[in-house]
Amino acid sequence: MSWIDWAVVAGYLVWVVSDGVRMSKRTNEMEGYLLASRSLPWWAVGLSVMATQLSAITMVSTTGQGYAEGMKFVQFYFGLPIAMIILSVTAVPFFWRAKVYTAYEYLERRFDSKTRTLTAFLFLLSRGLSCSVIIAAPSVILSIVLGWNLTLTVLAIGAPTVIYTMVGGVQAVTWTDVKQMAVIVGGILAAVIVLIVGLPDGMSVGSALHLAGAVGKTQALDFRFDLTEKYTIWSGLIGGLFLSLSYFGCDQSQVQRYLTAKSVKEGRQSLFMSAYVKIPLQALILLTGVLMFVFFLFNKGPMLFNGAPLEQVRTGARAAEYQTLEREYDGAFETRRQAAVALASSDGNDQATLQSFVAADAGLVAVRKRATALVKDATKADYDDVNYVFPNFVIEHMPVGLVGLLIAAIFAAAMSSIAAELNSLATATVIDVYKRHMKPEAADSHYLLVSKLATAGWGVFACVAAVYAAQLGSLIEVVNRFGSYFYGSILGVFILAIGIKRANGHGAFVGLIAGMATVWVVATYTAVVFLWLNVVGAVVVTVVGLLVSELTRVPIEKRK
Amino acid sequence: MKERLAPLFVGIVLVEILTIAGLYWMGVHFS
């Protein structure tokens, strides 16, 4: 990396930390520190909602998916706009008018202490772990691609985030999110421009997309109704709706964003921003991956993008086998390049040229698959390659200066999510645990101090856990899957709370446990994909919760 | 003043339908 790129990354870090601290006002009181005294404009909250959701994992993994599988992943977000409509008339006015600090606080007012404590505990457990994964995943990738020390990379992402979140509270989180969104979108647009400029002479974007479309990468929609297929229009619309309802309506890391809005109206508008922009933005990120696929048709990339274990393979017992595959890859790349040139210069109706390009691409993919299997077998470890395509493209093919911008964008994506999570973890720790169960009566200044200490504590935990998580690659997937086990179930509790008057605390508590148990059984013993688990959890909690509420209802005459 | 939400909701649904239609067109046109 050139010194100019280093300067861009360093400049970004200094800017974001100093700006976060500078923009924070009235943080000497709890409401100012945790809820910005409910004073923020809708557009800042809206950008913060989007920046929180868009992590570095999304950025490198989604572009990688676009490269490998095309536009299909965009279906994952189809339920989001509908969820925003529903939440704008349910969760936003309910939580905002209840003047709560956390979503779980509302559950005690509606039900009882045990339901609040269990949901808050589940949030702390899952978000605490996911926070470490959000730091670990980009740190591993950047440390491998750039040759940086892993622990230092974790610290470079984690430490500045902890500092501005601890000092400035939710206002620092929101105002830095605004700038970070600008850096992220600017970075993605820069990558798209470089990819378009890098197309061979005379090739239009349309021709490039025709090449990608020839191997199915422009096919975004899958209309099959198959519960075992990860991304279909139905899993996106229905499963994605339930997931979005749960994430934006019941997860403190998002609820806290719109609790900082000036009014219910501004809270609603902040969610509408995601409703309008999220799908086009994700489509743009996936399109970046698709254009990268076209770029690597004409510019030779490595056989495998994740170079970490390759030295071990090249010098180990399977070295000769790997070398043979590399030679096969060279040949397969050249065959595919020539087929791509032929197809691009044909009128598109030449079936023979089209078939030879499709066959050439399948040949190259097969070589890469065999290489991946060989690496897995030789190292006896999991091997992830897709997430390394975009960082590799950035380092090897972006011009000086823009490399720094893209690294800063990956940092920004990670930091914006981490900051919101640390802030919400601290809020739930102080409001739902410390103030509720340990020290109910204390001065505002005391809770403020504990909030700052909780932010720092969660930050240190996330960074330390990130270093360990990074060394145990499979742990990252376990943590990601872990969240999907109870996301839908927590949504079920809020459906009972907000939508069903007859529901009571016993019903919500038993329903929640029944929902999580059912989701665990379905996830363990069937091939149903995770998006549908949200539907299963929410439905089971609602039905069981209602039944138990009816069975445990105290008749009016007995209450007297 | 009472907030008029219906036009906003219609706008969101319309944008979503157009986006999905656009993605469908992209798949068909560039295949």
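Two residues are taken to be in contact if their C-beta atoms, placed from the backbone, lie within 7 Å. A residue is buried if 20 or more other C-beta atoms lie within 10 Å of its own, exposed if 12 or fewer, and partly exposed in between, with C-beta atoms again placed from the backbone. Helices (H or I, at least four residues) and strands (E, at least two) are DSSP runs, numbered from the N terminus.

The structure is a predicted model, in which local features need pLDDT of at least 70, side-chain atom pairs count only at pLDDT 80 or more, and totals for chains, interfaces and linings use all residues. Residues are numbered from 1 along each chain as its sequence is written, and chains are lettered from A and ligands numbered from 1 in the order in which they are written. The model has an ipTM of 0.94 and a pTM of 0.92.

Chain A contains 23 helices and zero strands. Its radius of gyration (taken over C-alpha atoms) is 25 Å, close to the 24 Å that the globule rule (2.2 Å times the number of residues to the power 0.38) gives for 560 residues, so chain A is as compact as a globular protein of that length. The C-alpha trace of chain A spans about 85 × 50 × 45 Å along its principal axes. Of the 560 residues in chain A, 56% are buried. Among contacts in this chain between residues at least 6 apart in sequence, 85% join residues at least 24 apart.

An assignment that is automatic or from a database divides chain A into domain 1 (3–296 + 395–468), domain 2 (308–383) and domain 3 (472–560). The centres of domain 1 and domain 3 of chain A, taken over C-alpha atoms, are separated by 25 Å. Their contact takes 32 residues from domain 1 and 28 residues from domain 3 of chain A. On the domain 1 side, helix H7 (103–110), helix H8 and helix H11 (233–250) of chain A each supply at least two residues, and H8 gives the most, with eleven residues. The residues of this side divide into 16 nonpolar, eleven polar and five charged; here Ala, Val, Leu, Ile, Met, Phe, Trp, Tyr, Cys and Pro count as nonpolar, Asp, Glu, Lys and Arg as charged, and the others, Gly among them, as polar.

Leaving aside residues up to four places away in sequence, A:Met292 touches A:Thr63, A:Tyr67, A:Leu195, A:Val389, A:Phe390 and A:Phe393. In helix H17 (residues 389–397) of chain A, the buried residues are A:Val389, A:Phe390, A:Pro391, A:Asn392, A:Phe393 and A:Val394. The buried residues of H17 pack against helix H4 (56–69), helix H8 (113–146), helix H13 (264–298) and H18 of chain A.

Helix H10 (residues 205–214) of chain A is largely enclosed by the rest of the structure, because seven of its ten residues are buried. These are A:Ala208, A:Leu209, A:His210, A:Leu211, A:Ala212, A:Gly213 and A:Ala214. The buried residues of H10 pack against H13, helix H15 (319–345) and helix H16 (351–379) of chain A. H10 is followed by A:Gly216, whose phi is positive, near 80°.

Positive phi values also occur at A:Ala36, about 55° although this residue is not a glycine, and at A:Lys380, near 55°. A:Ala36 lies in the loop between helix H2 (30–35) and helix H3 (42–53) of chain A and counts as buried because 28 C-beta neighbours lie inside 10 Å. A:Lys380, in the loop between H16 and H17 of chain A, counts as exposed because 6 C-beta neighbours lie inside 10 Å.

Chain B has one helix and zero strands. Its C-alpha atoms fill a box of roughly 50 × 5 × 5 Å along the principal axes, and 19% of its 31 residues count as buried. In the interface, 13 residues of chain B are in contact with 20 residues of chain A. The side of chain B that touches chain A has eight nonpolar, three polar and two charged residues.
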